[in-house]
Amino acid sequence: MNILIISGSPRKGGNTELLAEAFAKGAAEHHHVEIVSVRDYKVNPCLGCNACFKTDGICAQKDDMAIIYEKMSRADMLVIASPVYFYSISAQLKAVIDRFHNPIRDSFHIKKMALLLVGAASLPELFNAVLTEYNLCLNFFNLEDAGKVLVRGVKDKGDIKSTDALNEAYKFGLSL
């Protein structure tokens, strides 16, 4: 299986990146895995112009989203990894996800999706809004939920190392 992880952390070496890497290490034992860190790509927000629906999926914007589309076209599974800022995914990741509103998505072979989230707060409902959006995407695209790792109470770089989350993400990746 080809697994594409799209990591929305703007912080290099942060908790989200560590979680994505742990998942990737486990999954790579049986599958091809690639991590795309959105901070390394220039992706503009969707303009809502719908030009892509008139041009066979070619976006009017000339940015790095075309590179991400190419990577998605080879993926069987998509993993979304993000820090949670004010009950939502990062703005950088949101820009990428909004650009999935493109008919090119219908040519993708993605059948499964997974979610890796990290948040500083410990509130039980911390991830509710993101989970609602995730479930709506699963339903809309008819994707199988491969699983989730949700980590609360990690704020500063490296805090995740004092939890069992990295081991949990590794085992999750390995289980695929």
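**The whole chain**

Start with everything selected: of the 176 residues in the protein chain, 44% are buried, where buried means under 20% relative accessible area, exposed over 50%, and partly exposed in between (1.4 Å probe, protein chains only). This is a predicted model, in which local features need pLDDT of at least 70 and side-chain atom pairs count only at pLDDT 80 or more, while totals for chains, interfaces and linings use all residues. Residues are numbered from 1 along each chain as its sequence is written, and side-chain values use heavy atoms, with hydrogens and water left out.

Now switch to cartoon. The protein chain has five helices and five strands; these are DSSP runs, numbered from the N terminus (helices H or I, at least four residues; strands E, at least two). Their order from the N terminus is β-α-β-α-β-α-β-α-β-α.

**Strand β4 and its partners**

Select residues 112–118, strand β4. Six of its seven residues are buried, so the strand is largely enclosed by the rest of the structure. Leu78 has Met113 in β4 as its bridge partner. To get from β3 to β4, the chain passes through helix α3 (residues 91–98) in a right-handed β-α-β crossover. Right-handed means that, with the strands pointing away from the viewer, the path from the first strand over the helix to the second runs clockwise.

With helix α4 (residues 128–141) between them, β4 and β5 make a right-handed β-α-β unit.

**Helix α1**

Select residues 15–27. How many of the 13 residues of α1 are buried? The count is 11, so α1 is largely enclosed by the rest of the structure. Its buried residues pack against β1 (2–7), β2 (32–37), β3, β4, β5 and α5 (165–175).

**The nonpolar cores**

Show side chains for Ile6, Ile68, Met72, Leu78 and Val96, which touch the most other members of the largest nonpolar core, a set of 29 residues. A nonpolar core is a set of buried Ala, Val, Leu, Ile, Met, Phe, Trp, Tyr and Cys residues joined through side-chain atoms within 4.5 Å. Finish with Ala22, Val33, Met77 and Phe172, which are among the 23 residues of a second, separate core.

Methods: Two strands pair if DSSP finds at least two bridges between them. Contact means heavy atoms within 4.5 Å.
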